[in-house]
Amino acid sequence: MSKKSLIARNLKRKYLTQKYLHLRYWLKSQIKRTSNLVVRLRLHALVQSLPKNSSPVRTELRCQLTGRPKAVYRDFGVSRHVFREMAHQGLLPGVVKSSW
């Protein structure tokens with residue numbers, strides 16, 4: 001199980017990403033459209049003034065059950081350990097143990 005503070009920090013980042021998403025994309029589209037260098041630099045400064053944690057790149061994909069940050073399957077939203085346990089119990093539809 002992951003530390004509660006790390007999970008809370010990631011939730012805060014997700015919230016800030018959603019809060020500033022439209023403003024960030026609008027500013028970036030204006031930067032691409034503008035050919036004037038002075039205006040482009042001002043717009044870039046506005047993007048830089050947004051909170052650092054509002055960038056979508058900073059959010060981390062974590063296991064929904066344990067909060068583990070590594071080895072998380074995107075399709076199922078769980079880590080490989082939880083995935084294996086759930087697959088053996090038959091809780092994941094369409095997942096069968098392979099044999100060859």
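Visitor: Which residues does Arg 13 touch, leaving aside those up to four places away in sequence?

Guide: Arg 13 touches Asn 53, Arg 58 and Thr 59, where contact means heavy atoms within 4.5 Å. This is a predicted model, in which local features need pLDDT of at least 70 and side-chain atom pairs count only at pLDDT 80 or more, while totals for chains, interfaces and linings use all residues. Residues are numbered from 1 along each chain as its sequence is written, and side-chain values use heavy atoms, without hydrogens and water.

Visitor: Why is Arg 62 called buried?

Guide: Its relative accessible area is 13%, and buried means under 20%, exposed over 50%, and partly exposed in between (1.4 Å probe, protein chains only). Arg 62 is therefore buried.

Visitor: Which class does Glu 60 fall into at 34% relative accessibility?

Guide: Glu 60 counts as partly exposed.

Visitor: What makes the pairing of Arg 62 and Glu 60 a salt bridge?

Guide: The term requires a side-chain nitrogen of Lys or Arg within 4 Å of a carboxyl oxygen of Asp or Glu. Here the N to O distance is 3.3 Å, so the pair meets the limit. The structure holds one salt bridge.

Visitor: What is the nearest side chain of opposite charge to Arg 13?

Guide: That side chain is Glu 60, 5.4 Å away. Arg 13 is buried yet has no salt bridge.

Visitor: How does the span of helix H1 compare with what it should be?

Guide: At 1.5 Å a residue, the 30 residues (4-33) should span 44 Å, and the end C-alpha atoms are 42 Å apart, which agrees.

Technical notes:
Helix = DSSP H or I, 4+ residues; strand = E, 2+ residues; numbered from the N terminus. Expected span 1.5 Å × (residues − 1). Lys, Arg positive; Asp, Glu negative; His and termini not counted.
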